[in-house]
Amino acid sequence: MSNPHKAAVIGWPLTHTLSPVIHSHWMATHGVDGVYEKMPVAPDDLGSAINKMKMEGYVGFNITVPHKEMIIPHLDKVAPLARLMGAVNTVKIDENGVITGFNTDGIGLVANLQKSVASWPKDKPALVLGAGGAARAAALGLLNEDLPFVMISNRTREKAETVAAEVGRGRMVVIDWNSRHEAAASSGLIVNTTVLGMHGNPALDVDLSRAGKDTVVYDIVYQPLITPLLNEAAERGLRTVTGLGMLVYQAAAAFKIWFDIMPEYDDVLKERLEAVFR
Ligand code: NAP
């Protein structure tokens with residue numbers, strides 16, 4: 001009899017994570033004999049934790065704050081997309097012990113958008129608010145869509161300029177943070193990737209009053225699930241997308257990397273995750 005597959009999520013501190021709920025559900029659904037562990041790893045212990053997982057035959061692990069960037073020097077290989085993002089959220093350890101880093105956030109962000117709304121106005125640019133790791137994922141995902149261009153606006157303008165220069169392929173336009181309201185009025189899709197709206201943070205202030213009726217407002221913050229931005233968008237009759245699906249679809253891409261199975265966001269999983277927010 002073979003040993004159960006082992007996978008984990010590492011982070012520090014690792015207080016609340018939904019990844020074990022998601023992966024355990026898919027392991028059960030697809031008959032994968034395995035366990036998915038929650039593993040708090042302090043920054044100084046990163047190297048030894050990776051070594052331990054390699055020695056113990058883990059298939060891989062997910063990475064959350066604050067290890068997404070600092071893990072890169074510990075890896076044997078980094079997939080091109082993760083290299084471009086400068087961050088890794090999924091690691092695979094193959095049967096020869098070779099450790100490869102991937103980033104599935106961009107895939108998850110766009111998959112969630114595509115599954116949640118049938119379409120959004122692609123004759124207008126998209127607006128990405130923020131310039132952190134999630135904004136890079138958004139930019140990379142959206143640049144694959146057939147859009148005129150992608151606008152990026154961030155409180156610290158230089159960071160938006162860096163994102164545009166590093167991943168923009170000449171199709172990203174930097175908008176001053178003070179001009180985000182005008183940019184929102186001309187966008188077919190508005191994506192919040194800042195921490196604004198998250199529990200403990202102020203709401204994102206962006207004027208939706210002039211947004212086109214068919215504009216889609218996507219908030220990748222999922223704590224709370226319905227942020228003040230999404231509330232306002234819904235009140236204005238705009239279509240909205242929550243961040244929970246992004247979490248699920250980036251996890252699905254990780255599950256595929258480890259087990260070569262693309263799992264579904266089925267009703268049982270939806271119910272389990274939504275129950276967490278009730
Ligand atoms: P990050 O790299 O730390 O970036 C944070 C961003 O928020 C930066 O652009 C920062 O602007 C901006 N910001 C912070 N405080 C602000 C303020 N007071 N006013 C205006 N802007 C402010 O974080 P991240 O990894 O990109 O994550 C961002 C958010 O996305 C988090 O809420 C995270 O939970 C969420 N997320 C969700 C998923 C999902 O699966 N749904 C996945 C990844 C991330 P400055 O550059 O000016 O500081």
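## Around the ligand

By class, the residues in the shell around the ligand divide into 11 nonpolar, 8 polar and 2 charged. Keep in mind as you explore that this is a predicted model.

Let's start with the ligand's surroundings. Altogether, 21 residues surround the ligand, and the closest are A134, N154, R155, T156 and G243. Two helices contribute to this shell: α6 (133–142) and α10 (244–259) each supply at least two of its residues. And where does the ligand sit? The space taken by the ligand is the largest pocket.

Now zoom in on single atoms.

| Residue | Protein atom | Distance to a ligand oxygen atom |
|---|---|---|
| N154 | side-chain N or O atom | 2.7 Å |
| T156 | polar side-chain atom | 2.5 Å |
| L247 | backbone N or O atom | 3.3 Å |

So far we have looked at single distances; surface area gives another view. Taken alone, the ligand exposes 920 Å², and the protein buries 76% of that.

Next, let's visit another residue, D146. You can find D146 in the loop between α6 (133–142) and β8 (150–153). Is D146 buried or exposed? D146 counts as exposed because its relative accessibility is 67%, and the cut-off for exposed is over 50%.

D146 and N231 are 85 residues apart in sequence. In space, their C-alpha atoms are 28 Å apart.

Methods
Residues numbered from 1 in each chain as written. Predicted model: local features only at pLDDT ≥ 70, side-chain atom pairs only at ≥ 80, totals over all residues. Heavy atoms only, no water. Helix = DSSP H or I, 4+ residues; strand = E, 2+ residues; numbered from the N terminus. Buried < 20%, exposed > 50% of the residue type's maximum accessible area, 1.4 Å probe, protein only. Near = heavy atom within 4 Å. Polar contact = N/O pair within 3.5 Å; in protein donor to acceptor, adjacent residues only side chain to side chain. Areas by Shrake-Rupley, 256 points an atom, 1.4 Å probe, with all protein chains shown as cover. 1 Å grid on protein atoms, 1.4 Å probe; cavity = no way out; pocket = protein on both sides within 12 Å on 5 of 7 lines; lining within 4 Å. Sits in = over half its atoms within 2 Å of the grid points. Nonpolar A, V, L, I, M, F, W, Y, C, P; charged D, E, K, R; others polar.
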